[in-house]
Amino acid sequence: MLSVLKNRTYRHLFAAQLIAVMGTGLATIALALLAYDLAGDQAGLVLGTALTIKMLSYVTIAPIASALAENLPRRAWLVSLDVIRAAVALALPFVDQIWQIYVLIFLLQASSAGFTPAFQASIPDVLPDEEDYTNALSLSRLAYDLESLLSPALAAALLTVMAFGTMFFGTALGFMASALLVVSVTLPSPKPTRRRGIYDSTTRGLRLYLNTPRLRGLLGLSMVASATGAMVIVNTVVVVRGELGLNETMVAWALASFGAGSMLAALILPKLLSRTSDRRIMSAGALISLAAVVLLAVNVHLSGLSLLALLAAWLGIGIGYSTILTPSGRLLRRSANAEDRPSIFAAQFTLSHGCWLVTYPVSGWLMSQYGTVPTLWGLAALGVAGLLYALKQWPSQEPPKGQESTSSVSQ
């Protein structure tokens with residue numbers, strides 16, 4: 001897997017991603033502390049609103065940003081957005097009003113909504129070989145999982161020697177380092193063969209996406225990932241602290257179990273994907289996640305909740321989650337020509353975060369109103385619906401290689 005880092009351009013891009021992701025992780029922790037500093041017991045409401053703003057900006061801004069970037073040099077576009085993100089991070093320590101948090105979070109996440117799809121779309125151009133690209137996808141997944149494990153530990157160490165606001169400066173440095181690494185390489189910038197109007201450019205990715213059967217299947221599988229993942233992200237602290245009566249350390253261990261499952265899957269996927277179809281592997285990942293949720297619900301109903309059962313379920317959800325999401329870039333790469341990749345990656349960014357925009361509040365509402373078991377069953381039902389949709393939309397027989405791109409939509 002690490003052999004792909006021999007490619008200088010990809011090595012710099014991966015380093016840029018890793019540094020920026022770590023900086024974002026520190027900012028997330030610092031933001032929680034800032035919210036508590038400003039809002040006290042209402043910090044949860046502030047963070048919940050900030051999360052909603054994040055998802056809304058992702059869903060609405062990504063297609064617009066993709067259209068704006070269509071005729072711009074990709075490297076300049078990425079560097080400009082990194083600079084904007086650094087500027088926002090530098091402004092956060094000086095916030096003294098809650099509404100200022102909301103404005104800055106919107107600017108930060110809107111910039112990320114423009115940056116991430118364009119960055120992801122650059123990797124297939126840099127690594128045209130499918131095996132190399134698959135290894136890069138696994139490394140990217142590992143980077144996100146490592147961040148979730150390392151950022152809390154790093155933040156805890158930093159907080160022993162500095163105030164939490166100083167971590168925002170670390171985030172800004174991370175974004176600037178990312179910009180410098182992007183500047184240091186040459187990125188392909190495929191241009192459209194003809195100039196398109198703003199409506200055509202903005203909606204093209206979504207139309208391409210929804211016109212492609214395998215990508216409609218990916219949308220269904222994204223619902224499985226978000227339904228099962230939302231249980232972990234939204235309700236771990238509630239289950240561990242409230243239901244089990246354990247301390248914050250056990251919350252970290254539960255989240256680490258989910259991260260460990262995701263990392264395990266990312267490590268073994270390149271070999272599996274060289275032998276088995278994406279559809280079969282990603283569907284198996286969906287089944288693993290759903291089985292973990294259902295088995296936990298049955299276990300809690302029959303014998304009550306235990307930490308061991310929770311850790312095992314979170315491990316299974318993590319394995320399934322990564323198995324669904326890691327290969328998704330292969331489907332996007334296969335489904336568009338080079339000039340349309342930014343648009344189709346932006347469409348996936350928008351639609352997948354649209355799934356989270358549904359499952360986040362559903363997960364929180366079910367847990368607060370009905371408790372653990374009904375929440376598990378409700379999210380499992382959403383996930384099953386997504387899997388059935390995926391299997392129906394994504395044909396089991398894929399077109400032969402070389403005839404897979406579907407970058408054509410009715411104008």
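Is Trp356 buried or exposed, and what is its relative accessible area? Trp356 is buried, at a relative accessible area of 10%. Buried stands for under 20% relative accessible area, exposed for over 50%, and partly exposed for what lies in between (1.4 Å probe, protein chains only).

The model is predicted: local features need pLDDT of at least 70, side-chain atom pairs count only at pLDDT 80 or more, and totals for chains, interfaces and linings use all residues. Residues are numbered from 1 along each chain as its sequence is written, and side-chain values use heavy atoms, with hydrogens and water left out.

**View 1. Phe94 and Phe169 form an edge-to-face aromatic pair.** The structure holds eight aromatic pairs. Here the centres are 6.4 Å apart and the planes make an angle of 80°. Rings of Phe, Tyr and Trp (its six-membered ring) pair if their centres lie within 6.5 Å; planes under 30 degrees apart are stacked, over 60 edge-to-face, and the rest tilted. Phe94 lies in the loop between helix H3 (74-91) and helix H4 (98-126), and Phe169 in helix H6 (residues 166-183), so the pair ties together parts 75 residues apart in sequence. Helices (H or I, at least four residues) are DSSP runs, numbered from the N terminus. Phe94 is exposed at 63% relative accessibility, while Phe169 is partly exposed at 34%.

**View 2. Tyr321 and Trp356 form an edge-to-face aromatic pair.** The centres lie 6.3 Å apart, with 65° between the planes. Tyr321 belongs to helix H11 (residues 307-325) and Trp356 to helix H13 (residues 341-370), so this pair ties together parts 35 residues apart in sequence. Tyr321 is buried at 10% relative accessibility. Ring pairs join Phe258, Tyr321, Trp356 and Tyr360 into a cluster.

View 3. A salt bridge is a side-chain nitrogen of Lys or Arg within 4 Å of a carboxyl oxygen of Asp or Glu. By this rule, there are eight salt bridges. Asp82 and Arg85 are three residues apart in helix H3, so about one helical turn separates them. Asp82 is buried at 0% relative accessible area, and Arg85 is buried at 5%.

**View 4. Glu130 and Arg333 meet in a salt bridge.** The N to O distance is 3.9 Å. Glu130 lies in helix H5 (residues 130-159) and Arg333 in helix H12 (residues 328-334), so the pair ties together parts 203 residues apart in sequence. Arg333 is buried, with 17% relative accessible area. A network of salt bridges links Glu130, Asp278, Arg330, Arg333 and Arg334.

**View 5. Asp340 forms a salt bridge with Arg204.** The closest N and O atoms are 2.9 Å apart. Asp340 is in the loop between H12 and H13, and Arg204 is in helix H7 (residues 198-210); the pair links distant parts of the chain, 136 residues apart. Both Asp340 and Arg204 are buried.

Key. Helices (H or I, at least four residues) and strands (E, at least two) are DSSP runs, numbered from the N terminus.
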